[in-house]
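Take a look at the chain below.

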Amino acid sequence: MLNNYITPLIERLASGDISLMNAKLAQQVYERRRIAQCVVEYFRVAQSNENILLGAKTRYYHAIAALLKNPDYRRILLYLPLADLKDAPDFFREAYLGAWYNLLHVQDVRENFYEGDAFEVDARPEGKMERIVKCVHLVPWLIEAGYLNYRDLTNILNIGIDNEVLIRSFANTLSFISDRRLLLAHEIKVLHDMTAMVPQRKRIAPLFTSEKRHRWLKARKNHFTEQVLLTPNAMLMGPFSANLPALARDFEKVQSELEPQDIAIVGGSRLKGYGVLDSDLDVFSLKRLEGSKEMCAGSPHAAHLYFDSIWIGGDGVTDLLEVAIRKAEAYCGALDRRRSIERLEIDLLQYRLLHKGYQRFMRGYNSLAKGYPNLDGDCPFYDEGYRKIATELFAKYVFIPQLL
């Protein structure tokens, strides 16, 4: 039987466990819990009672607006259900647009929002990956909901005329806007002319195909759906500790191989609920992590390991929770804390939920942009079901308190 372990720290924060860290962080923890509860309530509320639904929806808009106004968490905008943009109250629209305009300056790895086809570092041409301003891909829905108009778009394009990634991101949306007749024909022509000077997208090919990539391509060809889920009744939006019974033997095996003073950190798709029978269990030795500049506590590259994983201690470890708290606190005061928060977002919402987990678990998806490759529409990113799960995960778990 598994003993001497603790559940993911993000779950403790989400539950309002302020004993996790310095008491000065209590207000932030409680406020974030309140926000998350408003989101969960709205997604769970009985749709048949209009009064209950109206109250829950109002609280939802206020909760999301609070996140949108916080520079650390405005990226939740990328995942919000698109249907909720329509008929939203003015205070929400103002918060949304404020966050959206700020995200125009942020360039993401394009594949992070598609299939996750990121090449090994030495296989990337010139060591680079394709970039995109992802919030721009939401422009068609913002036009439809009345957040943006033709004049807004021309102003943005004029100001960002030297930003090739931004201009190309706008160009990606034009065929969708045209087909849906969201703007007048002459307006679309002007926008097309304003973006035509930027070379069309050319997908980057890897310099070589490794054996690992070859296996990944084979799995992708099968759409990741032909395998048996380990926890078919899992809650993809957490808590992940609920999936522990199905993984008991694996965790017991990990623990049995530890030296008395060793600590292991264990995560992966199996813990998050969309792993299959032959999915790998991601196991890391805390001692080895601490010996790496890239993976030690406080490094944004490793934030997901310290917050999103199960901690397992050997028989001689008597202060496992204290150790986990100490490592997590390294992120609360870090100068690059926002990068660490984004790493939690990537781990929880993109790798591997967006890339294969959601479609594997749901046996498909209903993309609102399917058939538009320029928008990378053939993926769950535009599926309202995925977006609800992603929004809930973000509200609950993409959170690192800040030392005041």
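## A covered helix

In helix H17, the buried residues are Leu353, Leu354, His355, Gly357, Tyr358, Gln359, Arg360 and Phe361. The model is a predicted one. H17 runs over residues 353–362. Eight of its ten residues are buried, so the helix counts as mostly covered.

What lies over these buried residues? The cover includes helix H16 (337–350) and helix H18 (384–397).

## The whole chain

The secondary structure comes to 18 helices and six strands. The C-alpha trace spans about 75 × 55 × 40 Å along its principal axes. How does the radius of gyration fit a compact globule? For 404 residues, such a globule would have a value near 22 Å. The chain has 22 Å, which agrees.

Buried residues make up 53% of the 404 residues. The accessible surface comes to about 19200 Å². Carbon and sulfur atoms hold 51% of that surface. Contacts also reach along the sequence: among those between residues at least 6 apart, 76% join residues at least 24 apart. As for charge, the chain has 53 positive and 51 negative side chains. The centres of the two sets lie 2 Å apart.

## The four-stranded sheet

Four strands form an open sheet in the order S1-S6-S4-S5, and their pairing is antiparallel. Strand S1 (5–6) and strand S5 (282–285) stand at the edges. Each has a single partner strand, so one side of each is left without a neighbour in the sheet. What holds paired strands together? In general, strands of a sheet pair through backbone hydrogen bonds, either parallel or antiparallel.

Look at strand S4, residues 263–267. S4 pairs with strand S6 (residues 310–313) in the antiparallel sense, over four bridges. Within this pair, Ile265 has Trp311 as its bridge partner, and Ala264 stands opposite Ile312. S4 also pairs with S5 over four bridges, again antiparallel. There, Ser285 is the bridge partner of Ala264.

## Two faces of S4

How many residues of S4 are buried? Five of its five are, and the strand is mostly covered. In a regular strand the side chains alternate between the two faces of the sheet. On one side of S4 are Ile263, Ile265 and Gly267.

## Residues around H12

Lys272 lies in helix H12, residues 269–272. Is Lys272 buried or exposed? Its relative accessible area is 4%. The cut-off for buried is under 20%, so Lys272 is buried. Setting aside neighbours within four places in sequence, Lys272 is in contact with Leu236, Phe240, Asn243, Asp347 and Leu348.

Ser279 lies in the loop between H12 and S5. Ser279 has a relative accessible area of 13%, so this residue is buried too. Which residues does Ser279 touch, not counting those up to four places away in sequence? They are Ser269, Arg270 and Arg360. Arg360 is one of the buried residues of H17. Ser279 and Leu229 are 50 residues apart along the chain, and their C-alpha atoms are separated by 9.4 Å.

## An exposed residue and a buried one

Ile159 has its place in helix H6, residues 150–159. The relative accessible area of Ile159 is 74%. Exposed means over 50%, so Ile159 is exposed. From Ile159 to Asn102 the C-alpha distance is 14 Å, and the two are 57 residues apart in sequence.

Val198 lies in the loop between helix H9 (185–195) and helix H10 (211–221). With a relative accessible area of 11%, Val198 is buried. Val198 touches Glu164, Ile167 and Arg168, leaving out residues up to four places away in sequence. How far from Val198 is Pro8? The two are 190 residues apart in sequence and 45 Å apart in space, C-alpha to C-alpha.

Methods: Residues numbered from 1 in each chain as written. Predicted model: local features only at pLDDT ≥ 70, side-chain atom pairs only at ≥ 80, totals over all residues. Heavy atoms only, no water. Rg over C-alpha atoms; globule rule 2.2 N^0.38 Å. Buried < 20%, exposed > 50% of the residue type's maximum accessible area, 1.4 Å probe, protein only. Contact = heavy atoms within 4.5 Å. Areas by Shrake-Rupley, 256 points an atom, 1.4 Å probe, with all protein chains shown as cover. Lys, Arg positive; Asp, Glu negative; His and termini not counted. Charge placed at Lys NZ, Arg CZ, Asp CG, Glu CD. Pairing = 2+ DSSP bridges.
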